[in-house]
Amino acid sequence: MGYIAARGGTQAILNAELLVEYMRLHAASDPIGIDQIRDQMRAAVGRAMNEGALYAPNLAALALKQSEGDSIDASFLLRAYRSTLQRVMPTIPARGVDIRCQRRISASFKDIPGGQMLGPSTDYQIRMLNTLLMHESTADVQRILKEYDALIAQHADTDERAGYFPKVVDYMRAEQMVPFVRDDEGAEPFDITRTALTFPCSRSARLQSLAQADTGCLLTYAYSSVRGYGDAHPTLAELRFGALAIAVTHPLTGEPVCIGEIVVTECEIVSKAHSVAHNQERPYFQLGYGFTFGHSEVKAMSMGILDSVLSQAKRNGLSGESGPAANEEFVLLHSDGIEASGFTAHYKLPHYVTFEADLKVLERAVDHVESDALNPHAAHATTAKERL
Amino acid sequence: MTDVASWVLNVTGLTKRYGLGCPRCAESTGPDHGSSQCPFCQTVHACVNAGFTLYQGEVLGIVGESGSGKSTLMQLINLTINPTAGEIWYREPTQDSTAMNLVTMDGFTRRHFRNDRLGIVHQRPELGLNMRFSVGGNVAEKLLLANWRHIGRIRERITELMIQTELPPERIDDDPNTFSGGMLQRVQIAKALSSNPGLLLLDEVTSGLDLSVQARVLDLIRRIQWEQKMTMLLVSHDLGVIKQLARRTIVMKNGFIVESGLTDQILEDPQHPYTQLLVSSAL
Amino acid sequence: MTEQHTNIYNFGFIDEDSKREVRRQLLKAVALPGHQVPFASRDLPIGRGWGTGGLQITMAIIAASDTLKVIDQGDDESVNAVNLRRLLTRTTGVSTTVDTQAATIIQTRHRIPEEQMREDQILVLQVPMVDPLRWVEPNLERATVMHGEADYGRMWVYMYESVIKAGDIRIATQYPVIVAGRYMMDTTPIPRWDVLRLHNADHLSLFGAGREKRVYAVPPYTTVEPLEFEDFRFKTEYAEGQRCHRCGATNTFLTGHFVKSPGTDEPGHWVTSCSDASYCDKQMVAQGWTEAQE
């Protein structure tokens, strides 16, 4: 008697992992340092932290290195790591007005209290490849840092309130352009990591979902709602980027204790309101809110636009009639990059059983058509009525 | 003829309001104020304290302009919206049946009651039909929900209903998108009749149809009513339609029933100023 | 490479509170057979859609004394089964088996083992799509109401339409069933061959969808009836005269694959064999074949 053939699944997986490492290193260039990724690839680090829903610049840099720069894979690594972490305590709610801004702009008014501050931005940069970066030296780095120091010395601002600004949206509230009331007034925030999201959902659940959603997906939905598949007319009330202090309540003294600062982007969108006929309440602009870790302006704005579109739809008792981006369930259930990529990729898994079952159904369908074709009265017999 | 024991539907104090209401609602809404919405608290009083009784084999008309509350009343009876207050009692037209309050039914019982005992025909066919399914599939839905599990027998029943509603039975498997407006109303009627309902609801069924098509659909409804002694509730803004079908009529305005009685009497001797206006402009 | 980090994780990877939450929802699922129960699905180090629902159930119910079997397509050695088993053994240290009879918990994707399971065994199925109504109602909010009211008319019209348009019920896998005469349930992508094997089974079946964040269950001795008509019956893939080319079994679910003897000029050919590989091996051993070591 012979042997039953062995199947080598385990060894194949281990070999595949070694091959990935080889592909990353086969050119034998210098390994990238985590600090280089963290400091010089801020956008990628910010995106990984946002979608991984974990503020951890070092780990995000590590995840980017491990995933060879794949943003979805990097955020997946962070998200999976996060789920093993213990919840120590909630922070005291942080307020956008407490962001120490490095950048702060509004598109609603030319002049705003505190003034516009362009800050670090590539918005007005001519998008030509900077070939000088091909061979950047430490001397180049020193020169730029010196240039920056000199500029800062000229504009030294010793005011400890420097960088703090009032919020444009607070002015809009005072003028009754946007309402004071919160949609979830007084409610405990929903926690999407501890409770399954069901619909209709609260605004806090929506904002949490959007905050960890895939940037490209939010951009697409937001864009669709302003381009033609929707009726959004957003105006940027304010966009700010800077450092935000995070505090917790001391478990013994009950006093707030600052535990550090995080770098964030915050955005408020106001959108022209359309009320439906039976809705006779005072007209106001619909507010939308966007918030991200790191410097991620496109994501913060996309989130703000979608929040306003979804609030508007909910207020009018509609869901998706004006376009897919106004359907809350559709947007929230399809925008998580980790879920979407995981499921799309799962089609690489063996489907031998389901394919065999599909094949059997196909065979039956073919038999059905051929038996009809062979029938001399096929022309008449093909109506279902006569088959029955 | 209308023996007291043979009522099918008895509605009392039926009220639907959107909003919380305020102390000044009562003095500022209703037909006397020309609005169903309170100017102080914005509450909409879509249907206020409606009451009527519908007898076996009778057709009751509900007439009023848009916003009068007639469609709200229809939706309440069709159990698609929940009333703020009031009761809807239903009774099978048999000797020993017991009446049940539809308002207090749980969702599960309500769904199955609605499928089995009510039939509805909407103004817009896409509300009553699933345009992705075949004509036969649409007519079959109520039967399937009522546990019919033999395709051959289901199709016999669909064919029977199509003949009854003057639809060509050979088109049983056709796509409803290939049907005309008048034919789609017949498909809705066939579907509504499939469960032998105790009550048929007709919501502006001929609005939007050409006059000749309208006449044929009304003829069909009249024939079904005559042959099956079907109890019907008919909502229309068109007094002509009401006059042809309904023996008794309710007139609604701004959420209130302002007048009710025999249709002939209302048309010949309207009492309420609004009814007088309606009759004079229609005839 | 990462072996030395394993001990920083809890037994069964997810924390005890999360496990308790999964078990609570499972109890609810068992109490309402076929009803989908939402649960707060955790992020795992395995891709969403790659078995995270089944994994969380196994992680939540497994004890050190359990014996685990993990299969994908019926095969213990399928790459995905190997990978999930690797995670589970690394984080629990439980013993594993390929023998259906020896296992206390069997986690599976797309198959139910051919050998009949017992009362003391639990089958954990990985679920990609949860709601059988998605074919007629993709909106979960509305579908939830439909389940609550047993409003399955539209789904039955879908079945009717399949018969009318195709002359047959054209559903290959994820075949919809009615559980305990009440809830309509998706059977996951098991073949139709396996659907009837859920009916009045001796064992408990637990279904987990990680990405869709739902669990559901079929308790032992519970009716599971596929949607069918009196004149158009539910049919499995079974074909008269079918036979496994390896073990010769005539009453198993078979899948096709290509074989070619190495080192010969033989062009190769297509054959069918049992998709439940360990069952097939067991039959061959019983016939006197010797088991090869990997």
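How many residues of domain 1 of chain C are in contact with domain 2 of chain C?

1. The model is predicted. In chain C, the domain assignment gives domain 1 as 3–225 and domain 2 as 237–288. The C-alpha centres of these two domains of chain C are 27 Å apart.

2. On the opening question, 16 residues of domain 1 of chain C are in contact with 10 residues of domain 2 of chain C. The domain 1 side of this contact in chain C has nine charged, four nonpolar and three polar residues.

3. Between the chains, 50 residues of chain C are in contact with 47 residues of chain A. On the chain C side, at least two residues each come from α3 (79–92), α4 (140–148), α5 (153–166), β11 (254–259) and α7 (277–286). The largest share is that of α3(C), with four residues. By class, the side of chain C that touches chain A has 18 nonpolar, 16 polar and 16 charged residues.

4. Chain A is assigned domain 1 (10–82), domain 2 (96–169 + 211–342) and domain 3 (352–387). Between the C-alpha centres of domain 1 and domain 2 of chain A lie 25 Å.

5. In chain A, 14 residues of domain 1 are in contact with 14 residues of domain 2. On the domain 1 side, α3 (42–52) and α5 (71–82) of chain A are the elements that give two or more residues. The most come from α3(A), which gives eight. This side of domain 1 of chain A holds seven nonpolar, three polar and four charged residues.

Conventions
Residues are numbered from 1 along each chain as its sequence is written. Chains are lettered from A and ligands numbered from 1 in the order in which they are written. This is a predicted model: local features need pLDDT of at least 70, side-chain atom pairs count only at pLDDT 80 or more; totals for chains, interfaces and linings use all residues. Two residues are in contact if their C-beta atoms, placed from the backbone, lie within 7 Å. Ala, Val, Leu, Ile, Met, Phe, Trp, Tyr, Cys and Pro count as nonpolar, Asp, Glu, Lys and Arg as charged, and the others, Gly among them, as polar. Domain bounds come from an automatic or database domain assignment.
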